[in-house]
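I opened this notebook to record what I looked up in the structure. The entries follow the order in which I consulted it.

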Amino acid sequence: TLAAIFFFFAVQSGIWTYIERIGDAAGISAETIGSALAAGAFAGLIGALAAAGFANKFGRAIPLTLTAVFQAVAIALMLNHPQIAVFFVASALFQFFWNFGIPYQMGVMSRADPAGSYIVLVTAVTGIGFTVGPLLGAAMIELGGTNGLLLAEAVLCAVSLALIMPVALSAKTLDQT
């Protein structure tokens, strides 16, 4: 679960750090990119509220799957120099599910670690993910431009989901999934 959280936050920071460059590469003005990011930040707030509203009505596995799928959709929408409207939608989807997925990850972590021995590491793991994401992103941009970055982040998104799902579906968390 800690590894899944690490990869999740590496994806978030890798995209967030370079989303302006993704928009710029698509020929979108700095002002419009800023507006898209502001709209995305509002969508992120709605995502956090949606997670609170849904709570455990759908367990944890379904919301985590939705998070990964829709973040992958957002990443795919950013490929190949998106038009302005697509960039707005991608930013909103990405940030909505960024904030939507975090509570479910924390829920899986706390259920899998009822003694609290490892959950104290979550803050460090998220910080490391936030640090590694831009470093990896820079390397991917050097290798394959913004599309290289996006494809690498999509793979890490899938890795994060693959790592957390067995824990989310395990006997320890079955009553919550």
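Entry 1. I began with phenylalanine 97 and phenylalanine 100, which both lie in helix H4, three residues apart, about one turn of the helix. I note that the model is a predicted one.

Entry 2. I looked up the aromatic pairs and found a count of 13. In one of them, the ring centres of phenylalanine 9 and phenylalanine 130 are 5.2 Å apart and the planes stand at 65°, so I recorded the pair as edge-to-face. Phenylalanine 9 belongs to helix H1 (residues 2–25) and phenylalanine 130 to helix H5 (residues 122–168), so this pair ties together parts 121 residues apart in sequence. Phenylalanine 9 counts as buried, at 6% relative accessibility, whereas phenylalanine 130 is partly exposed, at 35%.

Entry 3. I returned to phenylalanine 97 and phenylalanine 100: their ring centres are 5.6 Å apart with planes at 80°, so this pair too is edge-to-face. I also found both in one aromatic cluster, together with Phe54, Phe58, Phe70, Phe96 and Tyr104.

Entry 4. I next examined how helix H3 (residues 61–78) packs with helix H4 (residues 84–112). Their axes come within 8 Å and cross at roughly 155°. As angles over 145 degrees count as roughly antiparallel, H3 and H4 are therefore roughly antiparallel to each other. Their crossing is left-handed. I sorted the residues of this contact into 18 nonpolar, four polar and no charged. Among those in H3 are Leu66, Phe70 and Leu77, and H4 contributes residues including Phe97, Phe100 and Tyr104.

Methods: Residues are numbered from 1 along each chain as its sequence is written. This is a predicted model: local features need pLDDT of at least 70, side-chain atom pairs count only at pLDDT 80 or more; totals for chains, interfaces and linings use all residues. Side-chain values use heavy atoms; hydrogens and water are left out. Axes are lines fitted to C-alpha atoms, for helices over the stretch in contact, and angles run from 0 to 180 degrees between N-to-C directions. Helices (H or I, at least four residues) and strands (E, at least two) are DSSP runs, numbered from the N terminus. Angles under 35 degrees count as roughly parallel, over 145 as roughly antiparallel, 65 to 115 as roughly perpendicular and the rest as oblique. A crossing is left-handed if the near helix is turned anticlockwise from the far one by less than a right angle, and right-handed if clockwise. Contact means heavy atoms within 4.5 Å. Ala, Val, Leu, Ile, Met, Phe, Trp, Tyr, Cys and Pro count as nonpolar, Asp, Glu, Lys and Arg as charged, and the others, Gly among them, as polar. Rings of Phe, Tyr and Trp (its six-membered ring) pair if their centres lie within 6.5 Å; planes under 30 degrees apart count as stacked, over 60 as edge-to-face and the rest as tilted. Buried means under 20% relative accessible area, exposed over 50%, partly exposed in between (1.4 Å probe, protein chains only).
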